[in-house]
Amino acid sequence: MNRDKKLEFGVGVFVLLGLAALVYLTLKLGAGELVGSDTYPVEARFANTGGLSTGATVMLAGVTVGRVDAIRLDPEDYSAIVEMRIRSGLALPTDTMASIKTSGLIGDKFVALAPGADEELLGPSARITMTESALELESLISKMAFGSVKNEQNGDQESASTAPEP
Amino acid sequence: MTTPLQTGSEIGGQGGNFLLEVDDLRKSFGPHAVLRGVSLAVPRGRLFTVLGPSGAGKSVLLKCLANIEEPDDGQISFDGRRLDFRDQASRDSFRRRCSFLFQGNALFDSLTAFRNVALPLEQTTSLGRGEIRGRAMEALEQLELGDYADHYPGTLSGGMQKRLALARAIVTQPEMVFFDEPTAGLDPLRRNAVFAMIAKYQTLFGFTALIVTHDIVEALVASDTVALLHQGEICFCGTPDEFASSAHPVVQSFRDSPAALRSTLDGLRRGADAPEPS
Amino acid sequence: MDQVRGLGHFALFTGQSLSAVLATRRLWTRVARAIYEQGFRCLPVILIVGTFTGLVLGLQGYYVLNRFGSEALLGVLVSLSLVREMAPVLAALMLVGQAGSALAAELGIQRNSEQIAALDTMGISSCGYLVTPRLLAALFVFPAQTALFVAVGLWGGSLSGSLLLGVDPGVYWASVQRAVESEDVRECLLKAVTFGLLTISICAYQGFHAHRIRGATGARAVSAATTKAVVLSSIAVLAADYVITSFLI
């Protein structure tokens with residue numbers, strides 16, 4: 001009977017460990033989408049998504065609040081429509097601004113939200129109207145090279161001042 | 001022919017006096033014909049022995065009967081009903097009523113003696129745990145293995161393994177038990193003991209036994225009927241007394257093989273002792 | 001011609017074993033035994049190989065990323081290579097080496113000593129009794145072992161990346177979190193389940209039919225069947241990996 005007990009113990013240990021690892025894999029690494037399904041959809045129109053991919057994070061004040069669900073092209077005006085799912089319970093004002101940013105110099109693209117001050121809130125499937133397209137490193141460099149950075153990026157004086165004069 | 005097979009250990013009388021009838025059974029492996037039309041009739045409740053030299057096709061015959069090998073042609077009837085081994089239900093009901101004792105015992109070495117005996121009950125019946133335990137222990141005790149229930153087969157002696165295999169075969173209360181070379185590789189004393197054991201439990205439980213062996217001396221003493229298989233055919237079938245007095249040439253050569261050996265050896269010795277003829 | 005017949009026979013064998021789920025009695029005690037064999041007994045090899053795979057991924061990844069000054073992406077590299085490829089494939093290969101070979105040898109010996117024939121003559125489905133529980137166990141064990149492999153691999157990567165080479169652990173674990181999507185996890189688990197069914201059925205098939213090996217009997221047939229089981233399962237794992245990956249990318 002000792003043999004049976006050893007077997008039962010072994011199976012028990014393995015099942016516990018295995019389940020713990022599976023839960024870790026699906027919930028912790030798999031971004032919790034399997035359980036955290038209480039989200040609501042929001043759309044945003046961008047002139048250029050510049051390498052944003054589905055599954056990218058949506059951040060507000062540096063905190064992940066959602067994910068990019070789909071990116072498609074609007075055939076009427078050739079703009080990109082990004083569909084996002086935002087954690088429900090997070091109410092966003094209608095004048096929220098969405099911009100595509102890059103973590104680090106060549107890191108992942110993500111969508112950053114900056115809430116405005118409007119009293120009205122975005123409902124499900126509403127569209128964010130204020131957007132800022134991806135900042136493309138190549139075009140930025142070429143602009144710096146031709147000295148037009150100051151006009152385009154007038155909010156960013158430091159980078160403009162370091163740009164070499166032609 | 002359309003009567004449904006009776007299940008369990010109830011012994012019906014549908015097949016008349018014969019429990020197992022084999023008609024014109026044929027089997028070949030490639031170009032090599034092993035069974036060339038074997039016909040047998042095994043009387044109910046008796047001990048039937050098929051004798052034959054090694055390589056005569058005895059094991060293949062038994063495997064066809066137990067449906068481990070599929071025969072090419074011919075038919076097998078069990079209890080008056082023709083068996084169709086392609087039909088799952090017919091096959092299962094046949095297997096429930098028969099047991100097979102392998103030459104090498106085929107005990108499950110990862111299970112204890114008790115679990116070996118309990119396995120057929122656990123897997124093929126819907127009996128409760130207590131009932132299974134009771135029946136398995138009873139079978140073990142009947143074969144004087146009650147004290148070894150927790151031993152693994154590998155730790156038992158050869159004779160005990162044989163008895164354990166028999167306990168596993170009879171625990172399902174079969175109507176028929178097939179024995180494949182039960183005495184292979186045993187010394188004469190053990191051979192006697194095995195035949196005595198088979199005969200004892202055959203009378204005790206009343207099953208029909210079909211034994212395949214080449215041990216002629218023991219078989220003639222213990223069996224009710226003897227058949228001789230030679231080159232894929234049954235060339236003799238009768239009582240041991242008839243076998244002993246038969247004038248059939250194959251029977252004679254098989255029966256008298258010890259005498260023939262003696263005369264050959266005597267001839268050799270005489271040849272060695274005698275001076276070389278010049 | 002023979003190959004095609006063999007493939008058909010193998011497919012029928014697997015189908016028969018899977019369909020025996022319903023007909024086999026007291027299946028779950030047998031499944032528990034199979035989980036013990038494939039799971040608990042193989043834990044050490046999975047944990048050790050997983051740790052070393054993570055360690056070496058951390059080391060290699062660090063030196064490659066260091067050239068571009070992107071050590072911060074080490075977590076991405078380690079976690080994605082583990083989840084998508086290394087863990088399912090290496091865990092399956094380790095399980096073939098330990099559990100699959102043991103299964104083939106055990107069934108081969110049982111075939112040799114007529115234990116399988118004995119089951120058949122008792123009216124017990126030999127497939128249902130010997131193979132089905134192993135396949136069912138594989139459905140749980142392979143994903144679980146793969147998940148364990150990922151977990152210890154990530155830990156190994158953090159060990160070499162952060163502890164030895166100085167990537168900030170916070171940066172490492174944050175990039176791990178960010179990199180792995182639920183799609184990657186699904187791919188990982190799909191691979192694990194497929195590899196489990198494939199390898200266990202191949203190993204069981206080879207052992208179960210050890211008597212059909214040509215030109216060898218007895219112990220030699222068992223050894224030939226075991227070798228064949230391990231080689232064919234390993235090939236099947238890598239081939240299936242390529243097919244699944246190409247479908248999902």
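Which element gives the largest share of the lining of the second largest pocket? It is α2(C), with 7 residues.

Before I go on, some housekeeping. This is a predicted model, in which local features need pLDDT of at least 70 and side-chain atom pairs count only at pLDDT 80 or more, while totals for chains, interfaces and linings use all residues. Residues are numbered from 1 along each chain as its sequence is written, chains are lettered from A and ligands numbered from 1 in the order in which they are written, and side-chain values use heavy atoms, with hydrogens and water left out.

Now some terms. On a 1 Å grid over the protein atoms alone, a pocket is an open set of points with protein on both sides within 12 Å along at least five of seven lines. A cavity is a set of points where a 1.4 Å probe fits but cannot get out, and lining residues have an atom within 4 Å of a point. Points are joined across faces, edges and corners, and a volume is the space filled by probe spheres set on the points. Helices (H or I, at least four residues) and strands (E, at least two) are DSSP runs, numbered from the N terminus.

Back to the second largest pocket. Its volume is about 1300 Å³. It has 42 lining residues, and A:D4, B:S110, B:L111, B:R115 and C:R33 lie nearest its centre. At least two lining residues each come from α1 (2-29) of chain A, from α3 and α4 (129-142) of chain B, and from α2 (27-40), α4 and α6 of chain C. By type, the lining divides into 19 nonpolar, 8 polar and 15 charged residues. Here Ala, Val, Leu, Ile, Met, Phe, Trp, Tyr, Cys and Pro count as nonpolar, Asp, Glu, Lys and Arg as charged, and the others, Gly among them, as polar.

The largest pocket has a volume of about 1700 Å³. Of its 45 lining residues, B:I68, B:R95, C:R111, C:D120 and C:S126 lie nearest the centre. Elements that each supply at least two lining residues include β1 (18-29) of chain B and α10 (218-248) of chain C. The largest share, 5 residues, is from α2(B). This lining has 15 nonpolar, 16 polar and 14 charged residues.

Next, chain B as a whole. Its secondary structure comes to 10 helices and 10 strands. The chain's radius of gyration, taken over C-alpha atoms, is 21 Å, close to the 19 Å that the globule rule gives for 278 residues, so chain B is as compact as a globular protein of that length. That rule is 2.2 Å times the number of residues to the power 0.38. Of the 278 residues, 46% count as buried, where buried means under 20% relative accessible area, exposed over 50%, and partly exposed in between, with a 1.4 Å probe and protein chains only.

C:S17 is in helix α1 (residues 2-19). Is C:S17 buried or exposed? At 0% relative accessibility, C:S17 counts as buried, and it touches C:C127, C:V131, C:T132 and C:L135.

C:E106 is in helix α4 (residues 74-112), and counts as partly exposed because its relative accessibility is 30%. C:E106 is in contact with C:E37 and C:R134. Its C-alpha is 8.7 Å from that of C:V222, 116 residues away in sequence.

C:L77 also lies in helix α4 of chain C. At 30% relative accessibility, C:L77 is partly exposed, and it touches C:L57, C:G61 and C:L65.

Definitions and conventions
Contact = heavy atoms within 4.5 Å. Lists of a residue's contacts leave out its neighbours within four places in sequence.
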